[in-house]
Amino acid sequence: MPVEAKIVPHLTLSNATKALDFYKAGLGAKILAKMPAEDGKRLMHAAMTVNGHTVMMHDDFPEYNGGKSTTPEALGGASVTLHVSLKRPKDVDAWLERAAKAGAKVIMPASDMFWGDRYGQVADPFGHRWAFGAPLPKPKKKAKAKPAAKKKPAPKPATKRGRGK
């Protein structure tokens with residue numbers, strides 16, 4: 001099912017610089033911006049496009065969250081899956097393969113789903129889940145067969161009836 005992005009995800013990462021390298025290699029991302037934090041080690045903000053849509057990110061800053069880390073690794077996983085809507089079913093396999101070669105773990109191999117998409121999922125090395133989906137071709141409608149012409153029942157053979165006894 002085609003989807004148009006209206007919400008921009010903003011990822012928290014344990015190492016945004018390494019993540020950008022992974023996203024470039026594994027998802028074909030184009031880097032839009034990298035803004036270092038005051039410590040010179042972390043990124044306060046970064047942005048990229050994946051499949052033409054913006055994704056923002058930053059390094060983890062526990063000092064701004066009551067001393068708690070908010071990365072998927074620290075939280076035991078991410079509660080959101082980022083879905084990449086593709087045009088052709090074969091693209092799903094290609095995106096899944098490219099992400100896996102760059103270091104993602106395949107969570108759900110690509111397969112044709114009951115809702116009419118080819119779909120698969122990976123977890124990136126930083127704990128974020130990415131899904132790839134594309135609509136499957138709609139089955140061609142079979143031409144309706146014309147109903148068979150109704151046959152007229154054969155006439156009953158004439159019978160001789162005798163006249164009285």
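In what order do the four strands form an open sheet, and is the pairing parallel, antiparallel or mixed?

**View 1. The four-stranded open sheet of the predicted model.** The strands follow the order 1-4-3-2, and their pairing is mixed. Strand 1 (10-13) and strand 2 (30-36) form the edges, each of them pairing on one side only. From one strand to the next, the twist averages 20°.

**View 2. The antiparallel pair of strand 3 and strand 4.** Strand 3, which spans residues 43-50, is joined by five bridges to strand 4, which spans residues 53-59. Val50 has His53 of strand 4 as its bridge partner. Strands of a sheet pair through backbone hydrogen bonds, in either a parallel or an antiparallel manner.

**View 3. Helix 1 across the sheet strands.** Helix 1, made up of residues 16-27, lies across strand 1, strand 2, strand 3 and strand 4, and runs at about 5° to strand 3.

**View 4. Helix 3 and its buried side.** The 13 residues of helix 3 (residues 89-101) reach 19 Å from the first C-alpha to the last, close to the 18 Å expected at 1.5 Å a residue. Asp91, Val92, Trp95, Leu96 and Ala99 are buried in this helix; because they cover an arc of only 135° around the axis, they lie on the same side of helix 3. The exposed residues Lys90 and Lys101 are carried on the face turned away from that buried side.

**View 5. The surroundings of helix 3.** Its buried residues pack against helix 1 and strand 3, as well as against strand 5 (81-85), strand 6 (105-112), strand 7 (117-123) and strand 8 (129-135). Helix 3 is followed by Gly103, which has a positive phi near 125°.

Notes
Residues numbered from 1 in each chain as written. Predicted model: local features only at pLDDT ≥ 70, side-chain atom pairs only at ≥ 80, totals over all residues. Heavy atoms only, no water. Pairing = 2+ DSSP bridges. Helix = DSSP H or I, 4+ residues; strand = E, 2+ residues; numbered from the N terminus. Axes fitted to C-alpha atoms, helices over the stretch in contact; angles between N-to-C directions. Contact = heavy atoms within 4.5 Å. Expected span 1.5 Å × (residues − 1). Buried < 20%, exposed > 50% of the residue type's maximum accessible area, 1.4 Å probe, protein only. Arc of directions from axis to C-beta.
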